[in-house]
Amino acid sequence: MPATDTEDPRRHPGHEPPGHSTGRAPERTADGPGNTGGPSGTGEMASGLDALESPASATAATSRRILAKAAPPLAAAALVLALWQTAHTLTWSATLPAPAAVWGELAGTWADGTLPPALGHSLLRCLTGFAASAALGVPLGLLLTRVAPLRTVVGPILSAVQSLPAAALVPVAVIALGNSEAAVYTVVLLGAVPSITAGVTAAVDRIPPLLLRAGRSMGAGGLPGTVHILLPAALPGLVTALRQGWTFGWRALMTAELITATPLPGIGRILDAGRQDGELSLVLASVMLILAVGVAVETTLFSPVERRVLHNRGLAPTTGQ
């Protein structure tokens, strides 16, 4: 029997007679005054929040982030200085100078013109030696991962050289090359290249083999595969290898400057002068300067690069960047 106009409207939920209410709230459109979920409302809300963030609040947030980064090392330095001053005050060592005396010695070497050229010579040597070590160590590490027989022969030699202290390398370099810049750079290379090479080989060994096979199946073999697949995949390990290479090179340089008599004195020469004169304050001033340079390079160069690389791979949080 065909439906008539008097048919029960409950049989057709989609059809509502005039004046009939279902109890549901009317839907709001994107242009409605109370809508906040549409594109227009979201944009207005975002612009409103941006407007609330004044330059003063942005500056305060930046200051808080800087303070959060600087607070731990400053607290550690304050604790060391407090313990140092306590040991001096209680005369735990008859030769231990006060922190103020060490600072005065450091300021005196700066005022008389001894410290600036020595610091410049040491930094230039280490930067040059580190660049040469990276240029040698990174390709050598990649080559050892590609040529198994070469790795079998050269790998143990690099491990043996890496285990030697820099003090054992300096006499060899001095006898072979004399008291020259070449001897100093040789010690830096022998200290940094094995460390960088070992770090690079370890980083490449940790790459999943499936990733390399997938690259080769897509035609990325040889040099293209190395550039586009192997190096990006091993980048976190490469950064760590370079970081270790800098540390080993800086230590080797200080040892070389301490023992050799180069024409251009460095921080190691100041340390040796304090040792020969028996001035513990000058020795400690040199040690603090060496430590400060190492920490400065670590915190301003390698740590930010490492955090950025890890964050781009989802391995580190963005907090504090």
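Mentor: Threonine 260 sits in the loop that runs between α10 (235-259) and α11 (267-277); helices here are DSSP runs of H or I with at least four residues, strands are runs of E with at least two, and both are numbered from the N terminus. The model is predicted, so local features need pLDDT of at least 70 and side-chain atom pairs count only at pLDDT 80 or more, while totals for chains, interfaces and linings use all residues. Residues are numbered from 1 along each chain as its sequence is written, and side-chain values use heavy atoms, with hydrogens and water left out.

Threonine 260 counts as buried because its relative accessibility is 5%; buried means under 20% relative accessible area, exposed over 50%, and partly exposed in between, with a 1.4 Å probe and protein chains only. Its side chain reaches the backbone oxygen of alanine 256 at 2.5 Å. Leaving aside residues up to four places away in sequence, threonine 260 touches Val170, Val174, Asn179, Val184 and Arg269 (contact: heavy atoms within 4.5 Å).

Now the rings. A pair of aromatic rings is described by the distance of the centres and the angle of the planes. Rings of Phe, Tyr and Trp (its six-membered ring) pair if their centres lie within 6.5 Å; planes under 30 degrees apart are stacked, over 60 edge-to-face, and the rest tilted. By this rule there are three aromatic pairs. In one of them, the ring centres of phenylalanine 130 and tryptophan 246 are 5.8 Å apart and the planes stand at 80 degrees, so this pair is edge-to-face. It links distant parts of the chain, with phenylalanine 130 in helix α4 (residues 115-146) and tryptophan 246 in helix α10, 116 residues apart. Phenylalanine 130 is buried, at a relative accessible area of 16%, and tryptophan 246 is buried at 4%.

Phenylalanine 130 also pairs with phenylalanine 302: the centres are 6.0 Å apart and the planes are at 85 degrees, so that pair is edge-to-face. Phenylalanine 302 belongs to helix α12 (residues 280-312), 172 residues from phenylalanine 130 in helix α4. Both phenylalanine 130 and phenylalanine 302 are buried. Ring pairs join Phe130, Trp246, Trp250 and Phe302 into a cluster.

Technical notes:
A polar contact is a pair of N or O atoms within 3.5 Å; within protein, one must be able to donate a hydrogen and the other to accept it, and residues adjacent in sequence count only if both atoms are side-chain atoms.
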